[in-house]
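Hi there,

Here is the structure I promised to pass on to you. Have a look at it first, and then read my notes below.

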Amino acid sequence: MDHQTGFIPLAYTRRAPEEMLERAQAFRMELERRRSVRHFSDESVPEVVIEEVVRTASTAPSGANKQPWTFVAVSEPALKRRIREAAEEEERINYNGRMDAEWIEDLKPLGTDASKPFLEVAPWIVVVFKRAYEVDATGRKRQNYYVNESVGIATGMLLTAAHHAGLVALTHTPSPMNFLAEVLGRPSNERPYLLIPMGFPEARCTVPDIARKPLDQVLVVHK
Ligand code: IYR
């Protein structure tokens with residue numbers, strides 16, 4: 001490739017096929033053990049660990065490298081309580097008719113209901129915001145690109161990093177979740193994307209006995 005100004009050498013480690021496969025399998029086996037957890041211990045998690053997993057999330061690729069995300073980490077009890085109360089209010093409406101019968105049926109294996117104690121019990125709630133656009137120093141609006149894709153990838157990396165660090169998490173979407181922007185005092189270019197309680201599982205925590213699709217149902221190969 002031609003050398004262009006503004007470019008630097010790629011930091012890259014080439015691995016032999018056996019080592020690639022070994023690493024890919026080891027990582028897969030680690031990630032297979034990630035589960036969405038709804039029963040948290042109230043044990044605290046150091047802020048520096050949250051900082052590290054957010055740093056990892058923020059390495060995600062993004063449209064035109066705009067990095068259109070903000071992660072708001074909440075451990076303040078009064079704020080967590082307000083988030084829980086507002087979320088439960090919406091969920092009561094969801095469970096009492098806003099979700100249709102098929103949806104309610106699909107949720108049965110998960111055992112969920114409108115009660116969300118984990119929003120207060122978990123030591124941290126990370127609220128992921130997508131930044132619909134930016135406002136520059138002169139007040140002019142600047143566009144972001146592929147915002148949903150970018151923030152989705154960053155959120156996946158956040159969940160992966162949290163799992164790797166020994167935390168459990170839940171991807172929670174108390175819809176509608178506009179209340180989060182207000183409760184957290186976010187600017188009007190930011191929209192709530194996902195709410196992620198993080199912490200340790202409670203003692204003897206259980207999770208739904210559900211399975212992942214086998215590879216032949218998720219992979220199509222043309223060669
Ligand atoms: N937001 C509700 C309902 C819910 C919806 C889906 I799709 C889930 O995968 C799980 C729950 C709640 O949190 O209970």
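A word on terms before we start: helices (H or I, at least four residues) and strands (E, at least two) are DSSP runs, numbered from the N terminus. Read along the sequence, the order of these elements in the protein chain is α-α-β-α-α-α-β-β-β-α-β-α-β-α. That pattern holds 8 helices and 6 strands.

Please keep in mind that this is a predicted model, in which local features need pLDDT of at least 70, side-chain atom pairs count only at pLDDT 80 or more, and totals for chains, interfaces and linings use all residues. Residues are numbered from 1 along each chain as its sequence is written, and side-chain values use heavy atoms, with hydrogens and water left out.

**Overall picture**

The C-alpha trace of the protein chain spans about 60 × 50 × 40 Å along its principal axes. The chain has 223 residues, and 35% of them count as buried. Here buried means under 20% relative accessible area, exposed means over 50%, and partly exposed is in between (1.4 Å probe, protein chains only).

**Around the ligand**

Which residues surround the ligand? They are Arg38, Glu91, Tyr95, Met99, Trp103, Leu107, Leu110, Thr112, Asp113, Lys116, His172 and Thr173; a residue is taken as near if one of its heavy atoms lies within 4 Å. By class, this shell has 5 nonpolar, 3 polar and 4 charged residues. In this scheme Ala, Val, Leu, Ile, Met, Phe, Trp, Tyr, Cys and Pro count as nonpolar, Asp, Glu, Lys and Arg as charged, and the others, Gly among them, as polar.

Some side chains make polar contacts (pairs of N or O atoms within 3.5 Å; within protein, one must be able to donate a hydrogen and the other to accept it, and residues adjacent in sequence count only if both atoms are side-chain atoms). Tyrosine 95 has a side-chain N or O atom 2.4 Å from an oxygen atom of the ligand. For lysine 116, the distance from a polar side-chain atom to a ligand oxygen is 2.5 Å. Histidine 172 also has a side-chain N or O atom 3.3 Å from an oxygen of the ligand. On its own, the ligand has 380 Å² of accessible area, and the protein covers 72% of that. Accessible areas come from the Shrake-Rupley method with a 1.4 Å probe; for residues, only the protein chains shown count as cover. Helix H3 (77–98) and helix H4 (101–107) are the elements that give two or more residues to the shell.

**Salt bridges**

Side chains of opposite charge can pair when their charged atoms come close. A salt bridge is a side-chain nitrogen of Lys or Arg within 4 Å of a carboxyl oxygen of Asp or Glu, and the structure holds 12 of them. One of them joins arginine 28 to glutamate 32, with the closest N and O atoms 3.3 Å apart. Both residues lie in helix H1, 4 residues apart, about one turn of the helix. Arginine 28 is partly exposed at 42% relative accessible area, and glutamate 32 is partly exposed at 41%.

Glutamate 105 pairs with lysine 108 in another salt bridge, the closest N and O atoms being 3.0 Å apart. Is lysine 108 buried or exposed? Lysine 108 counts as exposed, because its relative accessibility is 56%. Aspartate 136 and arginine 140 meet in a salt bridge too (3.8 Å, N to O). Salt bridges that share partners also join Arg81, Arg84, Glu88 and Glu120 into one network.

**Backbone details**

Most residues other than glycine have a negative phi, and most peptide bonds are trans. Asparagine 65 has a positive phi, near 50 degrees, and sits in the loop between helix H2 (47–57) and strand S1 (69–74). Glutamine 67, in the loop between H2 and S1, has a positive phi of about 50 degrees although it is not a glycine. The peptide bond from serine 175 to proline 176 is cis, with omega near -10 degrees. Proline 176 lies in the loop between strand S5 (168–169) and helix H7 (179–183).

Serine 41 is buried, because its relative accessible area is 16%. The side chain of serine 41 reaches the backbone nitrogen of glutamate 43 at 2.9 Å.

Enjoy exploring!
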